[in-house]
Amino acid sequence: MSTRLATGGRLLNKSTSVKFRFNGKYMRGYEGDTLASALLANDQMLVGRSFKYHRPRGIVAAGPEEPNGLVNLGEGSDFEPNARVTTTELFDGLRAESQNHWPSLEFDVGAINKHLSRFLPAGFYYKMFIHPRPLWKHVYEPIIRHSAGLGRAPKTRDEDTYEHFYAFCDVLVIGGGVAGLEAARASALSGARVIVMEQTAHWGGRTPVDGGDINGMPAQDWIDATLAELGAMENVTLRTRTMGAGVYDHGYVLGYERLTDHNPEAQGPRHRLWRVRAGHIITATGAIERPLSFAGNDIPGVMLAASVRDYVVNYGVSAGDRTVVVTNNDDAYLTAIALKEAGLDVPAILDARVLPEDSAAMARAKELGIRVLMGHGVSSVKGGKRVTSVAVCSQAGEGSVLEEIACDAVAMSGGWSPVVHLWSHCGGKLMWDTANACFSPDPDQPPKGADGGQFVSTAGAASGVFQLDDGLNDAFAAADGTLRCLGRKLPRDAKASQGSRNDEAPMAPVWLMPQGASVKLREKAWLDYQNDVKVSDVRLAAQEGFVSVEHAKRYTTLGMATDQGKLSNINGLATLANALGEDIPSVGTTTFRPPYHPISMAVIGGEARDAAFQPIRRTPMHDWHASNGAEFEPVGQWRRPYAYVKSGESTHDAVMREVTNTREKMGLLDASTLGKLIVKGPDAGWFLDMLYTNMMSTLKVGKCRYGLMCNDNGFLIDDGVVARIDEDTWLCHTTTGGAESIHAHMEEWLQTEWWDKKVYVANVTEQYAQIAVVGPNARNALEKLGGMDVSKEALGFMEWADGVIGGFNVRVYRISFSGELSYEIAVDAGQGQAFWDALMAVGADLGAMPYGTECLHILRAEKGFIMIGDETDGTVIPQDLNLHWALSKKKEDYLGKRAHQRSHMADPDRWKLVGLETTDGSTLPDGAYAVGEGNNANGQRNMIGRVTSSYHSPTLGKGIAMGLVHNGPDRMGEVLEFPGTDGKTYSARIVDPVFYDKEGAKQNV
Amino acid sequence: MLIVSCPNCGITAEETEFHAHGEAHITRHAVGSSDDQMETYLFMRKNPKGVHFERWRHQYGCGKWFHMARCTMTLEVFGTYSAQTYSPPDDLLARIDARRPGWREAT
């Protein structure tokens, strides 16, 4: 069993006991425990079930590489799935539940899959569920979806807060082990601004566990002294619980700081995203131990050797009473020695190597009375939910059992892989290190920055340098090189810290144990614990032709679990290389992508939620709208009233009332959001002639003209009324969404194509409040307010004038988007509310009511006016909308003119604008397609048109719509069928798109 | 995320402050041009692995357009220059020659 030892536990505060719950059971740990160490202290080795076969899974590692220990943490608004037990610090009241089992962790029905495992090989889903096709949708998919997935999605809103933090430094050191601290110390001596990030709560990394002296003192003393030195330097920032998550272009780094996960009662944000711009990055991210591939290596109790050592030294926890160590290197001997020194039993060390002589570690192990079996390995591990024994075999053979050793834990070590993720994120290349059988960073192919120079270096074990003295020298050299890249220098008297050295015998790569393991053994030799990928699966993938490592990964799901293959990748690709008969470097690695380790989605959002999610643009009359029943709709970042709903009224009722009232009496529309661009200069007329399809240079001062804008592809992008203000000034109205984009469009042409033209453009949209006064009583109301002459004679249709109305300085445009008598009146933005109030007051007797955007849409649709974004979608040209009249024939050139001559554009055989009237008066579904005769190549019905706008018209008492129909204008009177998504089929007759006042008599009065 | 220097206002800032607009030095063809010329103008763009001349706008800064020469592989920035020109400046081309010998043949 695993248990708490009487002694040891350098990270624990044993005076503070902590109570927590796992699967409803109360347990105790100490302050300083991780959830993993506390579970092991309570003999809870079993922590979950695997993804596919639901096999029992125990804790394997002690750090972020842990593949099995994933739990649901907390409840309600604190609930979080897939928390890793090894990176979760214990706190009082912690609640954790294991995942992926039913009905319980101990007894799981899904575990039947393990007996079916020979029928569930790699690519099983693809092979099994392809036929018969209908079964996929109705049988297979629902079952697979039900049984797939780890953890549960949170159901309630996250009540915690998160923040972003921007930081800048010369040198960013990622990793606070001894190499990171040495690199930081050396860098900081130059005066450079240094930030150091350490993902755990503790500095020093593995060295205090592994032992050794630095500068003649115990490693921990050196760590404390170095931290004190760094802490006293103003140019150094030290952060624990902060992981370097990703390295991006030009020295951009994301750090993930967990502020209150270990202390949920604390105030302040839970996580913080560090957005760092670093001149240079030093990754001192250490290395991760590899498992060995032998049968039964997934049985709970089989753990990484160094992690077993971590639990003993850091937490005073033993993984088992009797631990068999199995290894291909010297490092695992330290575990055997640590266990023995803690008073635990190590019945044997199985060392796959055959060495001419004992190394120092071996000699020490033998001195302690540990039996060392060279050239031996594990044939298989026995046990179900816990290891019971190990069957020993020769590594060179096929697995014949030589003896069986009873034990309750196995500590395995297949060697070490440098954590190269951050080096690789931004293009750093790797090379194969034969001596250590690992990929390590290739210093000749580093990530490159804006100036083409190296911007990432590695230090210590992350460089593939595993001895303490070498690691410190490497870190010092990394700092030296980094400072050179930055044009800085180490002080002349700066010296590298000197580490002690333990001479080790060389490791020997072992990718399968025993090397000739039979199929039966290979089928139980796990590579990826979380996703249940075995040696046999990878070999099968290779056999079936998935020879690229990226394909084999996706076919077998190797390394695709939440641990992203931190343990499995190298073993997996070595297995693939063996199966292909190639060497490992030629097979290569899969791509390393950020983040290094999962980070919370919430921290990516940071403060950007609720009101702070995005800026909201409000017109000067916004508050009046809000307090007068307005239901708002987003239009870009604007909020516009959709309708003003009175009590007892539905939204639809309100819209209908607004339409009728505007047609019969008077309506007020807040049109302030419409874009207003001033275009001015000696060449402004020429410029507008290029931008609009029709002629603007000939417009007389005081007049307005409706214009269309195309891009140079010929497609419609905007429309609006242009007013000529004076000889060299025009005011262009754009759509609400177009104010910024059309301004940018104009600037683009002026700056990048016609930079010799003298034109100035200013976006004055927000400088004015603009109110449309619409309806038969509109003139009456303005006359009652008094001031300028607004009669037809003084201010005719499509004219504008400056003047005073009701004491307000106004600019009045006689333009109409409703078909009614209409004045659009602009006042200074600051006067908008007062002018609106004056209009409402004077209009009270005249039936004035405000109207919203839906009413505006119906009014324009009744008149057959197009709306950019409804009748256009980026593929529509003016000709499609029967707007030939707005295409100048006199102008030699304008944007889109040449494109309209391209064969497909000039083809008369196109979908064109028509009106649509349902045969039964109902309203067509917006976006519905009209179906024609026959089927297309995919067996779908041919489509001959679609609805672009559809409303119920209260004026006409029926549904009206506009649509684009194949050769539509030539098919007047024809009845088309529109199948709806509601299962009904709608019939509509093709009619003229102008439903109301075809002569335009009402607006021209 | 790139760091970009605007040659118009002189500010060096995060890429999020800017907007990229594709290949630079495209010739506008208009009325009187052939269909092939129009196709080239509207649709044909280089997609080099290496040196690329691009149009950028300092969208959330001074609002001005400029050009940038950049390596699409390493993201090295060779320089930024005025948008009001028909070809990259000679000193920039010389810098690229020095950094990427033979790049002209490759593109």
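Phe66(B) stands opposite Ser82(B) in strand E6 of chain B. The model is predicted, so to read it: local features need pLDDT of at least 70, side-chain atom pairs count only at pLDDT 80 or more, and totals for chains, interfaces and linings use all residues. Residues are numbered from 1 along each chain as its sequence is written, chains are lettered from A and ligands numbered from 1 in the order in which they are written, and side-chain values use heavy atoms, without hydrogens and water.

Strand E5 of chain B, residues 65-71, pairs with E6(B) in the antiparallel sense over five bridges. Strands and helices here are DSSP runs numbered from the N terminus (strands E, at least two residues; helices H or I, at least four), and two strands pair if DSSP finds at least two bridges between them. Helix H2 of chain B, residues 90-99, packs on the sheet and touches E4, E5 and E6 of chain B. Its direction makes about 170° with that of E6(B); axes are lines fitted to C-alpha atoms, for helices over the stretch in contact (heavy atoms within 4.5 Å), and angles run from 0 to 180 degrees between N-to-C directions.

Now chain A. E36(A) pairs with strand E39(A), residues 729-734, in the antiparallel sense over six bridges, and Lys680(A) stands opposite Thr729(A). Four bridges join E36(A) to strand E40(A), residues 760-763, also antiparallel. There, Leu677(A) stands opposite Asn763(A).
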